Amino acid sequence: MLSIRESQVRTFEERAQRAFEDEMVAHLADFSPPLFKTLGETQMRVAVRFGVVRAAAHDFTLRGPVRLYLEMMLLFGSHFETDPQYPWAAAILKKLDVEQMERAELLYEKTVDYREQVVGPDDAYALKALRNISMLAQQPLLIPSEEFVAYMRQEIARVYPQKAAYMGQEGIDALIRKGMDGARRQRFSTTRAAALIVVLMLAFGHGCGADPLYPWIVRTLKDESIVAPEARAKRLEKKALTWLEHVLAYFEKGAQA
């Protein structure tokens, strides 16, 4: 009689898990080439494992729903399910009485709608927004603290009008509050540093400070060699500009090819 030891079962499961990770890493490399180029295979695998665990917490265990969840992480940030920019994602994921394939279909439909309205054809709206953010970051920002919320509302609408229209003022204000809270946690005292955090959340998701897709943000915020908070903010701003330059150069090179 054939018997299979528990250790053999674990080996089979580990091989299946590794094969799925390999498949997802390859898929995400095609899904977002510039992000994969920045991350590399090892860090993308870390993000895949992170995403698989988070997907399972929402009862997404089948290949299709998990793959969609990972794609949404790349589009919206790894913490998209709690992001005030995407309240529809949380609303759909919380419907645990709805079968996972149906919820995945609802998420897919909303994502397609979002991309049409906010990202634009051939990513045109998103790329223009990144260029606007890059230019904004290179300007002196002298924002009185009492005018910070109003100023950020105005700037978000200016640099990314499609996303501002999609989010509405309630979503924008929630994001600004998240950014201000994040800046306080980092002990950033200037409004320029607070604006930086808001813009990073706008571009990379409200959880970008703990996102495996953006390890350069995580490393900079946790860099103990940078003692002064404002020095850390300046380093983070410099790294953000470098990241934007690389991404924009990638797409501009593709457009010229």
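Reader: Is His 58 buried or exposed, and why?

Author: This is a predicted model, in which local features need pLDDT of at least 70, side-chain atom pairs count only at pLDDT 80 or more, and totals for chains, interfaces and linings use all residues. Residues are numbered from 1 along each chain as its sequence is written, and side-chain values use heavy atoms, with hydrogens and water left out. Buried means under 20% relative accessible area, exposed over 50%, and partly exposed in between (1.4 Å probe, protein chains only). His 58 counts as buried because its relative accessibility is 17%.

Reader: Where is His 58 placed, and with which residues is it in contact?

Author: Helices are DSSP runs (H or I, at least four residues), numbered from the N terminus. His 58 belongs to the loop between α3 (41-57) and α4 (63-76). Contact means heavy atoms within 4.5 Å. Neighbours within four places in sequence aside, His 58 is in contact with Tyr 69, Glu 81, Leu 93, Leu 96 and Arg 103.

Reader: Which residues of α3 are buried?

Author: They are Met 44, Arg 45, Ala 47, Val 48, Gly 51 and Ala 55. Seen down the axis of α3, these buried residues fall within an arc of 160° (taken from the directions from the helix axis to the C-beta atoms), so they line one face of the helix. The face turned away from that buried side carries the exposed residues Thr 42, Val 53 and Ala 57.

Reader: What follows just after α3?

Author: Asp 59 takes a positive phi of about 60° there.

Terms used
Helix = DSSP H or I, 4+ residues; strand = E, 2+ residues; numbered from the N terminus.
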